Amino acid sequence: MTSGLTRYILRRLVHSVGLLLLISMLGFTIPRLAPGGPAQFLEDPRIGPDFRARVIESFGLNDPLPIQYLKWLGNVARLDFGYSFVDRRPVIEKIWERIPATFQLSLASFVLGLLGIPLGVYAALRRGRWQDQAIRVFTVLGNALPHWWLGLMLLILSASTLRIFPLGGMYTVGNGSLPDRLWHLALPALIGALGGWIGFSRFVRSEILDILGQDYIRTAQAKGLGSRVVLYGHALRNALIPIVTMLGGVLSGLFSGSVLFETTFSWPGLGRMSVDAAFQRDFPVLMALTVIFSALLIFGNLLADIAYGWVDPRVRYD
Amino acid sequence: MAALWLLVAVVLLTVVAPVIAQSVFGLDPYRQTLTQRFQAPSLAHPSGTDDLGRDVLARTLVAGRVSLLIGLTIALVSLLIGVPVGLASGFYGGRFDDLSNAVIQTLSNIPALFLLIMISTTLPRDPVLRPFLLAVIIGALGWMGTARLVRGTAFSVRERDYVLAARALGASDGRVIFQHVLPNVFSLVTVIAGFDIAGGILAESALSYLGLGVLPPTASWGSMLAGSLENVTRAPWLVLFPGLAIFLTALSIFLLADGLRDALDPRLKA
């Protein structure tokens, strides 16, 4: 078992490195396909030709492509992602200072989103009754509704009649107190939690209904255990196991954040940074974000698969 | 049933209504009237006007054509890749299955939205080519779920007695796939198509909302919402109507696909 697991992890690690190399090639090649090439930001007619040539040289864009790629890759391996085209600051520094904002919002959304689990349990217990129907209607509506648009509509409400929430940002300028920050966090986090409520509640509901039909539940009931013990000790614990597989997405999501919600709520995180970088054709930043988020996603998925075998002994690695 | 009528209404509105609105009521989605900027909804402009004085109702209707076409293209591309891959790997298994699994694993490990953001910087600004390429790329990045579902069904059908019987009668692989496996995945594919179209519309609207998808002056529901943040306080109707259109369209397609699933194949019922 142990050696099987070790071999499995080793094999997955090798795959992950290969996959990352592949993604790094994609991330390197795509900017070269852009009209005007990676130095498109220099197309401004006010920029003189000799200055343009000097900047292109200083970013190493005159080297042959394979050399450029290998240089970049070598730097990336040392966590050096080069300099931003826009303000010439180190990319890693720009990314680093955005992480706390992203992490704050993602974590709050995720924790609030976990409320979807009790919602799913409740729906399963009330199967077919109006409570179950109501939760079903909520999930169907929530799937068709663009959550960022709902966020915009709530902003409209906050701007006009119901002046409960601020119109974006992380804090009021000149007031960085905790209540003020929480007040700014509330609406984005609630909108961000919607996905969790919908996803978890559906998932947990169907898992629980599935498990309640299993033989070991009947056994537990037959030996006279209370319905509470059967539900929480047997059904819920087993229903939560497959949620571990979602861990990979969650882990990378905590850092990459949500492009859409950060844009909607003027939240200064990495998601919005990537959109800004796309507008400014700041390719070093875009390339860095692609590589970092891919690495996080791959690593998260690997962790999730290992954890899955740990919580569910039925899983075999071979 | 209500979902079907709602969908029919949306499609008819986007296809026919812009013509009627233009010829009968004189509402031109592209005519700019700079003296009529940011007009609140009124009798003359039932959904108000935008920052260039264009009629929002007329624009929302015309934008529907673009959004629906993009949704359809995304679904088509994703089915054209996902169904054959799923069929082949479910039916043949073995090495082909391993290969397609590896590709699916790889694609699932790529943060699709970031890749799309990056790719969006390389797309041409052409009003026809850009939405088309966008749809093809979104579809090409999102066929993995389809392939997995089709693979599962194909795999289980392969083991049925009637397939064995057909083989015993000397049927070729092609005949078994087209006569026995394909009809069995057909209802599943219909349902997936519905979810893909709605999902495609939502994906396009999100990307265009960020300003990286369909670009002005072409109107899609998403691109009408680009820069909405400025309109939140100034012109809420600019945010309300395109979003409502996305919501109602996606909802009707989802409900229809749900209903189709129950009607076509009771075994798939949740």
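Predicted model: local features only at pLDDT ≥ 70, side-chain atom pairs only at ≥ 80, totals over all residues.
Local features are described where pLDDT is at least 70 and side-chain atom pairs where it is 80 or more, while totals for chains, interfaces and linings use all residues. Residues are numbered from 1 along each chain as its sequence is written, and chains are lettered from A in the order in which they are written.

**The two domains of chain A**

Let us start with chain A, which is assigned domain 1 (3-77) and domain 2 (95-311); these bounds come from an automatic or database domain assignment. Their C-alpha centres lie 32 Å apart. The contact between them takes 15 residues from domain 1 and 12 residues from domain 2, where two residues are in contact if their C-beta atoms, placed from the backbone, lie within 7 Å. On the domain 1 side, helix α1 (residues 2-33) gives the most, with 11 residues. Helices here are DSSP runs (H or I, at least four residues), numbered from the N terminus.

**Where the chains meet**

Chain B brings 33 residues to the contact and chain A brings 38 residues. On the chain B side, α5 (112-120), α9 (173-209), α11 (228-234) and α12 (236-264) each supply at least two residues. Of these, α12(B) gives the most, with 8 residues.

The table sets out two contact sides by class; Ala, Val, Leu, Ile, Met, Phe, Trp, Tyr, Cys and Pro count as nonpolar, Asp, Glu, Lys and Arg as charged, and the others, Gly among them, as polar.

| Side | Residues by class |
|---|---|
| Domain 1 of chain A, touching domain 2 of chain A | 10 nonpolar, 4 polar and 1 charged residues |
| Chain B, touching chain A | 24 nonpolar, 9 polar and no charged residues |

Leaving aside residues up to four places away in sequence, L87(B) touches V150(B), A154(B), I177(B), V181(B) and V185(B).

After α9(A) comes G224(A), with a positive phi near 90°.
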